[in-house]
Amino acid sequence: MADVKITVKPNGPYRVEGVVDLVDPAGNNFPKSEVAFSLCRCGHSNTKPLCDKSHARLGFQAEATAPVVETAPEPASEVTTTTKLEE
């Protein structure tokens, strides 16, 4: 499968880069773009599911950032010491 990248644009659409099939509920393909296309995120596009830049006209705002996964620090390695007792 080819590489596909979907980017959430600030206050805008989902930008899809790569060769993918965009299919309606009946199984019909939307016209293909070999490079990239944008999917509506604001809900006001007249060409849904494709973006027609209505978000800019309407002042659509939405934060969308990937969650940052906190990683636990590595536990300190256990240090074992032995003491030789005098006889």
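Two strands count as paired here if DSSP finds at least two bridges between them. Keep in mind as we go that this is a predicted model.

With that criterion in hand, we can start with the sheet. An open sheet is formed by 3 strands, in the order E1-E2-E3, and their pairing is antiparallel. The edges belong to E1 and E3; each has a single partner strand, so one side of each is left without a neighbour in the sheet. From one strand to the next, the twist averages 20 degrees.

Now look at one pair in detail. E1 and E2 run antiparallel to each other and pair over 4 bridges. To find your place in this pairing, look for Lys 5, which stands opposite Glu 17 in E2.

Next come the loops, where some backbone details deserve a look. Between E1 and strand E2 (14-17) there is a loop that holds Asn 11.

The loop between strand E3 (36-39) and helix H1 (54-58) contains Pro 49. The peptide bond that joins Lys 48 and Pro 49 is cis, with omega at about 5 degrees. Lys 53 is found in the loop between E3 and H1 as well. Its phi is also a positive value in a residue other than glycine, near 70 degrees. Is Lys 53 buried or exposed? With a relative accessible area of 62%, Lys 53 is exposed, because the exposed class takes in values over 50%.

Which residues make the nonpolar surface patch of about 310 Å²? They are Val 4, Ile 6, Val 8 and Tyr 14. Val 4 sits in the segment before strand E1 (5-8). Its relative accessibility is 34%, so Val 4 counts as partly exposed.

Note on methods: Residues numbered from 1 in each chain as written. Predicted model: local features only at pLDDT ≥ 70, side-chain atom pairs only at ≥ 80, totals over all residues. Heavy atoms only, no water. Patch = residues over 30% accessible without salt bridge, like charges linked within 9 Å, V, L, I, M, F, W, Y side chains within 5 Å. Areas by Shrake-Rupley, 256 points an atom, 1.4 Å probe, with all protein chains shown as cover. Salt bridge = Lys/Arg side-chain N within 4 Å of Asp/Glu carboxyl O. Helix = DSSP H or I, 4+ residues; strand = E, 2+ residues; numbered from the N terminus. Buried < 20%, exposed > 50% of the residue type's maximum accessible area, 1.4 Å probe, protein only. Axes fitted to C-alpha atoms, helices over the stretch in contact; angles between N-to-C directions.
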